[in-house]
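My notes are below, in the order I took them.

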Amino acid sequence: MFIETLNALKHVLWPTRCAACDVLLPEPDVLLCEDCSDAVQPAADFVCPDNIERACAVFRYEGAVQQMIAKWKYHEDYGARHALLACLPAQLERLRECIPQNACIIPVPPHPKRLRERGFDPVWQFANELHKLLKRNDIPTDFRDDVLSRTRHTPHQASLSHDERMHNLDGAFHVADGFTADHVVLIDDVVTTGATAATCALALKNAGIRHISFVALAYTAKS
Ligand SMILES: [Zn+2]
């Protein structure tokens, strides 16, 4: 009773806002307003990038999802990150198609320069949360953030076509000597053409990894 009263008081003093559009929420225990909640859609039509066996994306990169990812990536907004990651358990069964037991989860590494500027890595945070969720569901996986590295800084890719991106990324990733795994699951946040994932997968293939799948947080159909 006391806790309930305290929570109600907290909500009056510090009202909760929608993690995507910032509208005031009527209740303290929801993360998104109804409109944004309805707008969050799983990505069912995600096309598998080159060099990868199976791929899936949690969301379509649009509307409320796009707003929350921007808040998370560019403003380190904890509420937006929390609201996005809170959707993962409901998607786990679908994501499992790309994540076999005992797979090795590897986040796509950021540009060191961008990591320095930002001070945190949303891809790492997403991969780590997914790894913890799998563990809670008795699905053992390995998590390695020391395997894949960028060998050079690559220019922004937003305005480039798929082929230009592949050329831009050629040889940009290095796999640590001696790394082995039966199955690697690459993780990235927003995927457009899949060129980054395809380039990482090629580096892993060249290092002898036979099975590679890919999980993205969000997929944008923009080319
Ligand atoms: Zn909203």
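The entries cover a metal site, ring pairs, salt bridges, a surface patch and one distance.

**Ground rules.** This is a predicted model, so I took local features only at pLDDT of at least 70 and side-chain atom pairs only at pLDDT 80 or more, while totals for chains, interfaces and linings use all residues. Residues are numbered from 1 along each chain as its sequence is written, and side-chain values use heavy atoms, with hydrogens and water left out.

**Zinc.** I looked up the protein donors of the zinc ion and found Cys 18 (SG), Cys 21 (SG), Cys 33 (SG) and Cys 36 (SG), lying 2.3 Å from it. Donors here are N, O and S atoms within 2.8 Å of the metal (3.2 Å for Na, K and Ca); water is not among the atoms, so sites may look incomplete. The four donor atoms subtend angles of 103 to 116°, so I noted the arrangement as tetrahedral (four donors, all angles between 85 and 135 degrees). Along the chain the donors have the spacing C-x2-C-x11-C-x2-C. I checked burial for two of them: Cys 33 is buried at 12% relative accessibility, and Cys 36 is buried at 7%. For burial I use under 20% relative accessible area as buried, over 50% as exposed and in between as partly exposed (1.4 Å probe, protein chains only).

**Rings.** How many aromatic pairs does a search of the whole structure find? I got three. Rings of Phe, Tyr and Trp (its six-membered ring) pair if their centres lie within 6.5 Å; planes under 30 degrees apart are stacked, over 60 edge-to-face, the rest tilted. Phe 46 and Phe 214 have ring centres 6.1 Å apart and planes at 50°, so I wrote the pair down as tilted. Phe 46 sits in the loop between helix 2 (34–39) and strand 1 (54–60) and Phe 214 in strand 7 (residues 211–219), so the pair ties together parts 168 residues apart in sequence. Helices (H or I, at least four residues) and strands (E, at least two) are DSSP runs, numbered from the N terminus. Phe 46 is buried at 12%, and Phe 214 is buried at 0%. The rings of Trp 124 and Phe 143 have their centres 5.7 Å apart and planes at 80°, so that pair is edge-to-face. Ring pairs also link Phe 46, Phe 214 and Tyr 219 into a cluster.

**Salt bridges.** I counted six, taking a side-chain nitrogen of Lys or Arg within 4 Å of a carboxyl oxygen of Asp or Glu. One of them joins Lys 73 and Asp 189 (3.0 Å, N to O). This pair links distant parts of the chain, with Lys 73 in helix 3 (residues 63–75) and Asp 189 in strand 6 (residues 183–191), 116 residues apart. Buried or exposed, I asked of Lys 73? Lys 73 is buried at 13%, and Asp 189 is buried at 7%. Glu 129 and Lys 132 form another, with the closest N and O atoms 3.9 Å apart. They are three residues apart in helix 7, so about one helical turn separates them. Glu 129 is partly exposed at 22%, as is Lys 132 at 38%.

**One distance.** Ile 105 lies in strand 2 (residues 104–107) and is buried at 0%. I found 25 Å between the C-alpha atoms of Ile 105 and Asn 168, which are 63 residues apart along the chain.

**Patch.** Phe 2, Ile 3 and Leu 6 form a nonpolar patch on the surface, with about 340 Å² of accessible area together. Patches are made of residues with over 30% relative accessible area and no salt bridge: like charges are joined within 9 Å, nonpolar side chains (Val, Leu, Ile, Met, Phe, Trp, Tyr) within 5 Å. Accessible areas come from the Shrake-Rupley method with a 1.4 Å probe; for residues, only the protein chains shown count as cover.

Technical notes. Four donors count as tetrahedral if all angles lie between 85 and 135 degrees; four count as square planar and six as octahedral if opposite donors are over 155 degrees apart and all others between 65 and 115; anything else is irregular.
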